[in-house]
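This report describes a protein model, starting with the sheet and ending with local backbone features. The sequence and structure are shown first.

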Amino acid sequence: MTTEREIIGQRDDPDLPRYAGIATFALLPRLEEVDHADIAVVGVPFDSGTSFRPGARFGPAHIREHSRQLHPYHQFHEAYPFREQQVADAGDIGVGPYGIERAVETIHANADRLVRGGSRILALGGDHTVALPLLRAAAAAHGPLAVLHFDAHLDTWDVLHGASIWHGSPFRRAAEEGLLDLEHCQHVGIRGGVYGPGELDDDRRAGFAMIRSEEFQHRSTDGIAEQIRGRLGSGPVYVSIDIDVLDPSQAPGTGTPEVAGITTRELFAVLRGLRGLPIVGADVVEVAPAYDHAGITGLAAAHTAWELLTLMGLGGATAER
Ligand code: MN
Ligand code: MN
């Protein structure tokens, strides 16, 4: 948001190249270095909810490291996302690996503090479990949310291995808790394994309409963005992006890769078609650097986060409680 207060942008030191120094997200100031943050970028290094390949706990550091090349000016939107709003790196939430319920409470408490402080959150995961406490904090401030969910997977499953909260259940739990506006949620990029059609029925009950990955083969991204706008309506929007929505060729570094996904270019084209949406919170999750190659996934995630930050600056949403 535009503010009367001074805005501190990206590090600008002629003696320190972009590849040098300690990486905050996009070389932005730390939260401690600013008097307010319109948007707080916060890492959530938690992956104990993952069902297959672990490692997303290392996602936040990997995304930050690959965010050094994010520049001040967004050519498509003709906007300066770090000039028109104060964006700051709030560091990582201190969350341990043992005990999912306890971790979710810790994430919720930290997210709630940032939201109450007047910041909108852009979270860097972490596995998709972290979306549940982030949705709790955002819904407490804004009421039921229209969730725009990019993922290969439904993430509206129930109990797995005795756990009701894991990375395949955040949106089911959120729906049960009344955090979602059930008429206005949208999946994009769905494919991958299900055990049977009953899971798709459950998913509809959790409030989601679906745009499948294969639709990108024959539909324009403009048309898809238009459909999403219609579904989301005019209320507060939360955007959750599981990096595995991308094809493994575009994002190999993730825990549950699924072939036949969308491209980074398609993802950005859809996001760029959503200018003006009132986005009250967002996350980019499931980056697992141990399976990445040459930073492909880290770059995709960092630039996805930048697209979201830019959209948030153009959307006019406020974070007042
Ligand atoms: Mn997911
Ligand atoms: Mn997924």
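The model contains an open sheet of eight strands in the order 2-1-3-8-7-4-5-6, with parallel pairing. Strand 2 (87–92) and strand 6 are the edge strands, each with a single partner strand, so one side of each has no neighbour in the sheet. On average, neighbouring strands of this sheet are turned by 15° against each other, direction ignored. Helices (H or I, at least four residues) and strands (E, at least two) are DSSP runs, numbered from the N terminus. Two strands count as paired if DSSP finds at least two bridges between them. Axes are lines fitted to C-alpha atoms, for helices over the stretch in contact, and angles between N-to-C directions run from 0 to 180 degrees.

This is a predicted model, in which local features need pLDDT of at least 70 and side-chain atom pairs count only at pLDDT 80 or more, while totals for chains, interfaces and linings use all residues. Residues are numbered from 1 along each chain as its sequence is written, chains are lettered from A and ligands numbered from 1 in the order in which they are written, and side-chain values use heavy atoms, with hydrogens and water left out.

Strand 1 (residues 39–44) is mostly covered, with six of its six residues buried. Buried means under 20% relative accessible area, exposed over 50%, and partly exposed in between (1.4 Å probe, protein chains only). Ile39, Val41 and Gly43 are buried on one side of strand 1, and Ala40, Val42 and Val44 are buried on the other.

Strand 1 runs parallel to strand 2, joined by four bridges, and Ala40 stands opposite Ala88 of strand 2. Strand 1, helix 1 (residues 59–65) and strand 2 form a right-handed β-α-β unit. Right-handed here means that, with the strands pointing away from the viewer, the path from the first strand over the helix to the second runs clockwise. Strand 1 is also parallel to strand 3, through six bridges; Ala40 has Ile121 as its bridge partner in strand 3.

## Other strand pairs

Strand 5 (residues 185–190) pairs with strand 6 (residues 208–212) in the parallel sense over five bridges. Between them the chain passes through helix 5 (residues 197–205), in a right-handed β-α-β crossover. Strand 7 (residues 237–242) and strand 8 (residues 279–285) are parallel and joined by six bridges. Asp242 in this pair has Val285 of strand 8 as its bridge partner.

Donors are N, O and S atoms within 2.8 Å of the metal (3.2 Å for Na, K and Ca); water is not among the atoms, so sites may look incomplete. His128 lies in the loop between strand 3 (120–125) and helix 3 (131–142), and Asp151 in the loop between strand 4 (146–150) and helix 4 (170–176), 23 residues apart. Both His128 and Asp151 are buried.

Asp151 bridges ligand 2 and ligand 1, which lie 3.3 Å apart. Asp151 is in the loop between strand 4 and helix 4 and Asp244 is in the loop between strand 7 and helix 7, so the pair ties together parts 93 residues apart in sequence. Asp244 is buried, as is Asp151.

## Local backbone features

The peptide bond from Gly125 to Gly126 is cis, with omega near 10°. Gly126 is in the loop between strand 3 and helix 3.

Asp155, a residue other than glycine, has a positive phi, near 60°. Asp155 lies in the loop between strand 4 and helix 4 and is buried, with a relative accessible area of 3%. His161 also has a positive phi, near 50°, and is located in the loop between strand 4 and helix 4. His161 is exposed, with a relative accessible area of 78%.
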